[in-house]
Amino acid sequence: MQRDSPIARPQTVAQSAAPVSGRLRILATSDLHMQMRSFDYFADRKTDTAGMTRIATLIRTIRHQARARGDLVITLDNGDSLQGTPLDEQALADMTGPHIFYRALGLMGYDAAGLGNHDFNFELTRLVDSLRHAPLPVLCSNAHRIDGGELPVQRWTVLERTLCGTPLRIGIFSVLPPQTLIWDADHLSGRLAIDDITASAREAICALQDEGCDLVIALAHTGLGERHELTGQENALWPLSALDGLDAIIAGHTHLHLPDPKAPQGSEMARGVLNGTPVVMPGAGGAYLGVIDLDLSHADTGWQINKLRTQLRAACGAENRELGALTAPIHRATRRQLARTLGYTSVPLHSYFSFIAPSAALEIVAAAKAKALRRMQVIPEGLKLLSSAAPAKTGGRSGPQHYVDIPAGPLSLRHAFDLCYFPNRLAAVIVTGAQLADWIEMSAGIYNQITRGDQPQSLIDATRPAHGSDLFYGIDYELDLSRPSRFDHAGALIDPAHRRLVSLEYGGAPVARDDRFAVALSSYRANGGGNVAVLQDAHRLTLPGKLVRETLEEYLLAGHQPNQPDARGRRFARIGASSVLAPTGPGALSHLHELGDLCTGTDGTDAGGFVQLRLSL
């Protein structure tokens, strides 16, 4: 279908004997991550915003207003739906019919839903069970089984609707990152194939046009990425938006906001129109609803888009009672399960300073992983044992409240979920001293290069995801952040002369290149998540399937307690930069004493609500 940008002069439409015009309003969610209610299960308290119960109220209000004007409304979800809060495991345990998430979409009147990478986090058979008998079309256009098994999804669907009494055929397809096969290789390898996003989109567009669709909409579980097309892109939104025949895109995966209120006024990002195609990306957790308005006219030449507009609407109203009633049983069961006592901590556990100072929260997870490996008796004799851990909740795109913040006192199962945010499995690899050094260098890419002086500098490279960077336990190492990063975000070597790691010791002795270590890590990292190139050549030990969270539960139930974090481990070489800024959540203000002389104060709160710590390096 032809379309015009909102600032372009509409094309002249050939008039038929009885021309008609009307508006299609597309309502969209993405990355809901099982946030079915306005409730924080990690803190066991209600929240004032976000959640599907508030989205449901907003959808109902918008539909009522739109239909009063004679507009046509469709509602779509873009995946990463079945994982994210402790409701996800309870839903799988209790499932006797359609998955409660899809039952909720049915109750809310959704027209179709796509899949995201996190929907594959659990065993493939569990996903199949979740999809079976869904009360709406669930789509995935670029994933298919290669083992003869079932994946009960449709490649695309066609909605037969009328606008102003005239038929309108709307084709919808769904794509997700091929890297899903890497991140969940433990249970997807040899069973599933995922094709290239943009190539699959071209095929779907052609097929839907052949079926006589007047409009084609993509449920694209992908972020912005490179502006040009590359085979196998994880984030392919820019080239996707340039495809002929694609009329609107629902984006996701990276939890950004499109239209972007922070972008320069009038820019593509601020308008939510990329390459002339309207795009919405509504963040995560049901904080926002994406809205695309297409003003259409129909004449002898068929339907045409005359004007388009995108917007995000905040989910800040009352909670929907019907959806609240549907989710009440699983909500109560989850809270009961999460209240189970595991142990006790005499120190607070939080993630406010994960990349700045020693972290008791990360240390207890790393210790649990190492203990589990010892019990499994899989480590070859004579190897030194190390453990790694990566912070998952460190603000970022999820906002200044997205941190672990567990007070001293009893520890329950909900705290274990909080500390082990993703359902990753325990893994172990054998690496040499040289490989370990490069692994540390890759993780150190989270830091910007710092120069000597008093000018404010940002410590953290916000373009790199925090969960892609590990901290290491059982060794002592020092980083010189005045030096440039050795690897780029994709794991490619920038310059062999670049070395931030200036000291690496085990037991007080320097680590040699040919030393050998067994390292506990997550399946996500072992499978290739985070792009640590040296791990591709590391020998992986065979372990029984066990979630990292389960190792933490066992560790705490055995009586182990978190302690004050070890002051050794990672440290920074002195640079002489006295005005380095690091963002963190407002809750960090209660823990500033832990930073000692490293923190010289705060530099206020930025526009996103993050406190800017002022550090002396």
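Modeller: The buried residues of α1 are covered by elements including β1 (20–29), β4 (72–77), α3 (100–107), β16 (288–299), β17 (302–314) and α10 (321–338). Helices (H or I, at least four residues) and strands (E, at least two) are DSSP runs, numbered from the N terminus. This is a predicted model, where local features need pLDDT of at least 70 and side-chain atom pairs count only at pLDDT 80 or more, while totals for chains, interfaces and linings use all residues. Residues are numbered from 1 along each chain as its sequence is written, and side-chain values use heavy atoms, with hydrogens and water left out.

Biologist: Which residues of α1 are buried?
Modeller: Among them are Met-52, Thr-53, Ile-55, Ala-56, Leu-58, Ile-59 and Ile-62. Buried means under 20% relative accessible area, exposed over 50%, and partly exposed in between (1.4 Å probe, protein chains only).

Biologist: What should α1 span, and what are its ends apart?
Modeller: Helix α1 has 17 residues (52–68) and should span 24 Å at 1.5 Å a residue; its end C-alpha atoms are 24 Å apart, which agrees. The expected span is 1.5 Å times one less than the number of residues.

Biologist: And what follows α1?
Modeller: Gly-70, which has a positive phi near 85°.

Biologist: How do α1 and α10 pack?
Modeller: Their angle is about 150° and their axes are 8 Å apart. Axes are lines fitted to C-alpha atoms, for helices over the stretch in contact, and angles run from 0 to 180 degrees between N-to-C directions. The two helices α1 and α10 are therefore roughly antiparallel; angles under 35 degrees count as roughly parallel, over 145 as roughly antiparallel, 65 to 115 as roughly perpendicular and the rest as oblique.

Biologist: Which residues meet there?
Modeller: Met-52, Thr-53, Ala-56 and Arg-60 of α1 meet Glu-322, Leu-323 and Gly-324 of α10. Contact means heavy atoms within 4.5 Å.

Biologist: What about α3 against α10?
Modeller: Those two pack at about 170°, with axes 10 Å apart, so α3 and α10 are roughly antiparallel. On the α3 side, Ile-100, Arg-103, Ala-104 and Leu-107 meet Glu-322, Leu-323, Leu-326, Thr-327 and Ile-330 in α10.

Biologist: Changing topic. How many salt bridges are there?
Modeller: The structure holds 27. A salt bridge is a side-chain nitrogen of Lys or Arg within 4 Å of a carboxyl oxygen of Asp or Glu. One of them joins the side chains of Glu-89 and Arg-549, at 2.7 Å from N to O. Glu-89 lies in helix α2 (residues 87–94) and Arg-549 in helix α15 (residues 548–557), so the pair ties together parts that are 460 residues apart in sequence.

Biologist: Is Arg-549 buried or exposed?
Modeller: Arg-549 is buried, at 8% relative accessible area.

Biologist: Where are Asp-418 and Lys-393, the pair with N and O atoms 2.6 Å apart?
Modeller: Asp-418 and Lys-393 form a salt bridge. Asp-418 is in helix α12 (residues 413–419) and Lys-393 is in the loop between β20 (384–389) and β21 (405–406), 25 residues apart. Asp-418 counts as buried at 5% relative accessibility, and Lys-393 counts as buried at 7%. Separately, salt bridges that share partners join Glu-89, Arg-340, Arg-549 and Glu-553 into one network.

Biologist: How many residues of α13 are buried?
Modeller: Eleven of its eleven residues, 433–443, are buried. Trp-439 and Glu-441 are among them.

Biologist: Now the backbone. Which peptide bond is cis?
Modeller: The bond from Leu-258 to Pro-259 is cis, with omega near -5°. Pro-259 sits in the loop between β13 (257–258) and α9 (268–271). Most residues other than glycine have a negative phi, and most peptide bonds are trans.

Biologist: Which residue has a positive phi of about 55° although it is not a glycine?
Modeller: That is Asp-31, in the loop between β1 and β2 (39–40). Asp-31 is buried, with a relative accessible area of 0%. His-253 also is not a glycine and has a positive phi, near 80°. His-253 is in the loop between β12 (248–251) and β13, and counts as buried at 13%.
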